Amino acid sequence: MAYLTLRGINKIYPNGFHAVHDFNMEIEKGEFIVFVGSSGCGKSTTLRMIAGLENISKGEFYIDGEKVNDKGPRERGVAMVFQNYALYPHMSVYDNLAFGLMLQGVDDDVIERRVNSTAKILGLTDYLDRLPRELSGGQRQRVAVGRAIIRKVDIFLMDEPLSNLDAKQRVTMRSEITQIHRETGATTIYVTHDQTEAMTMADRIVVMKDGYIQQIGTPYDLYFNPVNMFVAGFIGEPPMNFIEAKLNKGRLELGQNVIDLTHIADAEVLEKYEGGEVVFGFRPEAVKAVLGSAAGRAYRIKCFANLVELLGDNTNVYVNFDGMSSILKVDPHNSPAMGSSFEFDIPWETVYLFDKHTEKRIKLRKE
Ligand code: ADP
């Protein structure tokens with residue numbers, strides 16, 4: 001059995017709302033797991049059931065082989081970091097860090113040693129006498145993380161810990177949390193609605209929607225092998241472009257642009273969907289704007305550049321073609337001009353196809 005086992009976990013709140021459906025997962029010791037999804041999809045509820053702050057309506061939760069459904073947060077050996085820091089406002093940073101240990105009756109000199117070493121890891125040594133209100137958002141968040149790591153527990157649970165920070169602080173804290181994870185080796189479950197956090201921090205990501213797991217996988221898996229349109233659209237920024245079209249003799253006819261799927265899909269697969277509606281998907285960053293060069297193994301699309309946004313490292317081009325719109329992420333040195341007509345190439349190997357009705361990915365080749 002894995003270190004953490006969630007088996008058929010469900011949450012039905014007292015008002016009857018079914019917030020989490022049949023959550024199944026095994027987590028190995030030391031893994032960094034991120035639960036990601038839009039607001040309200042059940043991430044926090046699942047985390048709180050793991051923490052013991054919310055009872056499990058149905059299903060079993062095991063830590064290291066032991067069923068802990070009926071155990072409280074302390075007995076589970078977990079430490080939790082919340083979005084709103086939950087610091088004691090009238091206590092110094094030192095006391096905020098020390099408080100949990102004091103409650104446990106740990107000796108003063110041990111506490112002092114642990115506070116000092118934790119403060120060092122988090123760069124808080126010079127701030128130990130300050131009150132939370134005398135700190136920046138990033139420093140407060142560090143204290144909150146410090147309160148969790150000082151307890152030397154085996155499992156960290158973090159609920160949107162960076163959402164009150166500005167964009168720059170978030171990037172810094174993101175790498176600090178990853179670093180702390182590497183140093184402590186604690187199994188970590190981290191909740192966020194931010195796909196960039198999920199992609200950059202996780203060993204494995206759990207994508208959730210409406211209380212259901214959509215997919216569990218490494219960042220690489222989710223990006224390159226999404227199982228459905230939700231995951232494909234959620235992971236990646238800007239999101240994957242989706243074009244709805246009818247399959248006619250293995251081809252998608254989009255006005256003057258034709259996408260001949262017989263190049264990339266098995267006949268058997270195309271036959272199954274012949275005459276039906278499918279969704280063609282491609283990532284903004286997979287395309288190449290073509291300003292005169294020759295095409296390779298790619299679909300060439302004629303389009304019109306509605307809006308061109310230079311972001312520095314790349315340029316987003318909002319295009320229209322045959323009544324459809326898409327975003328392309330292109331090299332700023334080789335970008336079409338706003339209001340111009342141009343062509344772009346979608347390499348064959350970067351194309352996705354989905355069933356319009358089930359929204360599931362259609363495998364192009366039969367294995
Ligand atoms: P997330 O963390 O993904 O934003 P939550 O787990 O907080 O989502 O909430 C999942 C769903 O459960 C939401 O629709 C939310 O409104 C609902 N919910 C959360 N807490 C309660 C509660 N105490 N009673 C009833 N419904 C709740």
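In the predicted model, the side chains of Glu54 and Lys11 meet in a salt bridge, with an N to O distance of 3.5 Å. The two residues belong to distant parts of the chain, 43 residues apart: Lys11 lies in strand β1 (residues 4–12), whereas Glu54 occupies the loop between α1 (43–51) and β4 (58–63). Glu54 is classed as buried because its relative accessible area, 18%, falls under 20%. Lys11 is likewise buried, at 1% relative accessibility. Through salt bridges that share partners, Lys11, Arg48 and Glu54 are joined into one network. The structure holds twelve salt bridges, among them the Glu54 and Lys11 pair.

A salt bridge is also formed between Arg142 and Glu176, whose closest N and O atoms are 2.9 Å apart. This pair links helix α5 (residues 137–149), which contains Arg142, to helix α6 (residues 167–184), which contains Glu176, across a separation of 34 residues. Arg142 counts as buried at 16% relative accessibility, while Glu176, with a relative accessible area of 23%, is partly exposed.

For Arg365 and Asp266, the closest N and O atoms of the salt bridge are 2.8 Å apart. The partners again come from distant parts of the chain, being 99 residues apart: Arg365 is located in the segment after β20 (351–355), and Asp266 in the loop between β13 (257–260) and α10 (267–273). Arg365 has a relative accessibility of 41% and therefore counts as partly exposed, lying between the 20% and 50% limits. Asp266 is also partly exposed, at 21% relative accessibility.

Conventions: Residues numbered from 1 in each chain as written. Predicted model: local features only at pLDDT ≥ 70, side-chain atom pairs only at ≥ 80, totals over all residues. Heavy atoms only, no water. Salt bridge = Lys/Arg side-chain N within 4 Å of Asp/Glu carboxyl O. Helix = DSSP H or I, 4+ residues; strand = E, 2+ residues; numbered from the N terminus. Buried < 20%, exposed > 50% of the residue type's maximum accessible area, 1.4 Å probe, protein only.
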